[in-house]
Amino acid sequence: MTAFDDLRHLWLDRIAQASDEASLEELRVAALGKKGEISLKMRELGQMSAEERQVAGPALNALKDEVNSALVAKKAALGDAALDERLKAEWLDVTLPARHRRQGSIHPVSQVTEEVTAIFADMGFAVAEGPQIETDFYNFDALNIPGHHPARAEMDTFYTHRAEGDDRPPHVLRTHTSPVQIRYMEANGAPCRIIAPGRVYRADYDQTHTPMFHQVEGLAIDKDISMANLKWVLEEFFSAFFGTSVKTRFRASHFPFTEPSAEVDIQCSWEGGTVKVGEGNDWLEVLGSGMVHPKVLQAGGIDPNEWQGFAFGIGIDRLAMLKYGIPDLRAFFDSDLRWLRHYGFASLDMPNLHRG
Ligand code: DAH
């Protein structure tokens with residue numbers, strides 16, 4: 001029996017010392033596999049005498065069972081230990097504060113566009129849009145700016161390219177939002193009351209000019225609209241926008257698409273080197289306006305003998321600079337994150353609708 005005892009100790013020891021599942025499997029094959037030591041011993045039973053077999057048989061079977069259960073137990077223990085190791089290594093503190101994520105901000109142009117839209121919506125103006133690549137008809141001719149008119153040259157227009165031999169007039173990047181007037185009248189007729197905010201383009205670049213900038217056009221057509229309505233609407237708008245009552249000054253001017261035409265200044269002060277709107281005795285030019293020219297109404301398919309109205313065009317970027325004290329227009333479009341964080345708005349900042 002000592003031979004079996006030795007064998008038993010040998011295998012139980014080896015199993016106890018196995019350090020991972022792979023070496024445990026090797027041990028199983030070496031002991032109990034087809035050519036394993038214990039399996040071979042079982043096979044020897046056949047050559048024994050009946051008496052020998054009676055003793056050796058149960059002993060070997062018991063040994064086989066014992067080794068088998070030692071293997072199973074060790075395998076479970078190794079599995080537990082491996083899981084413990086993993087849990088220790090992959091431990092995660094779910095109570096840690098989350099990693100900081102940078103928040104974006106709303107660009108002042110977007111914010112001001114929202115503010116302007118909200119104020120005019122309050123006065124019954126709907127929002128209209130038009131294409132940024134315009135035909136030369138909508139950008140100029142329909143607005144009573146014929147081919148030879150100096151306004152075309154003054155506007156530093158960007159023209160698109162036409163193929164060689166194609167003599168149709170080239171499309172332009174719209175130089176103002178005024179073509180939306182024509183498109184809207186054509187599609188909707190009169191009466192109407194709209195604003196059209198959007199991008200416009202001119203080949204110009206300095207502290208107060210960028211090749212792309214933003215305007216908001218206004219158009220109100222009805223049977224008896226006059227300059228008096230225009231003045232009220234604009235004063236109402238500027239007072240709501242700047243949060244204080246703002247006086248306006250109308251100066252006679254000339255635009256091909258309005259008759260009469262006026263440039264409008266708002267009251268401001270320059271005290272202390274910064275401009276403050278709504279106080280003081282100085283004036284700041286902020287927009288062009290007038291009564292829509294009969295030819296423009298006609299181009300929009302509206303009978304000038306029946307309808308009349310006012311139009312205006314304001315620079316949105318200019319408004320943003322004035323309201324939020326931003327000195328250089330070029331920085332608006334540099335995409336400098338420091339600038340955007342400084343002058344940008346949180347996504348939940350509501351348009352300022354306070355009326356002075
Ligand atoms: N379109 C003009 C510009 O870009 C601005 C303007 C002036 C628009 C008078 C108007 C207007 O609607 O009536 O300079």
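**Ligand site, domains and backbone of a predicted model**

A nitrogen atom of the ligand lies 2.9 Å from an N or O atom in the side chain of His-176, a polar contact in the sense of a pair of N or O atoms within 3.5 Å. The structure is a predicted model, in which local features need pLDDT of at least 70 and side-chain atom pairs count only at pLDDT 80 or more, whereas totals for chains, interfaces and linings use all residues. Residues are numbered from 1 along each chain as its sequence is written, and side-chain values use heavy atoms, with hydrogens and water left out.

The surroundings of the ligand comprise 15 residues, each having a heavy atom within 4 Å of the ligand. The closest are His-176, Ser-178, Arg-202, Gln-215 and Glu-217. By class, the shell contains four nonpolar, nine polar and two charged residues; here Ala, Val, Leu, Ile, Met, Phe, Trp, Tyr, Cys and Pro count as nonpolar, Asp, Glu, Lys and Arg as charged, and the others, Gly among them, as polar. At least two shell residues come from each of strand 5 (212-222), strand 9 (282-292) and strand 10 (308-315). Strands (E, at least two residues) and helices (H or I, at least four) are DSSP runs, numbered from the N terminus.

At the level of the whole protein, the domain assignment, which is automatic or taken from a database, gives domain 1 (2-88) and domain 2 (108-349). The C-alpha centres of domain 1 and domain 2 are 92 Å apart.

The backbone has several features to locate. A cis peptide bond with omega of about -5° joins Ala-190 and Pro-191; Pro-191 belongs to the loop between helix 8 (179-188) and strand 4 (192-201). The bond from Glu-259 to Pro-260 is also cis, with omega near -5°, and Pro-260 is part of strand 7 (residues 258-269). Asn-144, although not a glycine, has a positive phi of about 65°. Asn-144 occurs in the loop between helix 6 (136-139) and helix 7 (150-154).

Notes
Polar contact = N/O pair within 3.5 Å; in protein donor to acceptor, adjacent residues only side chain to side chain.
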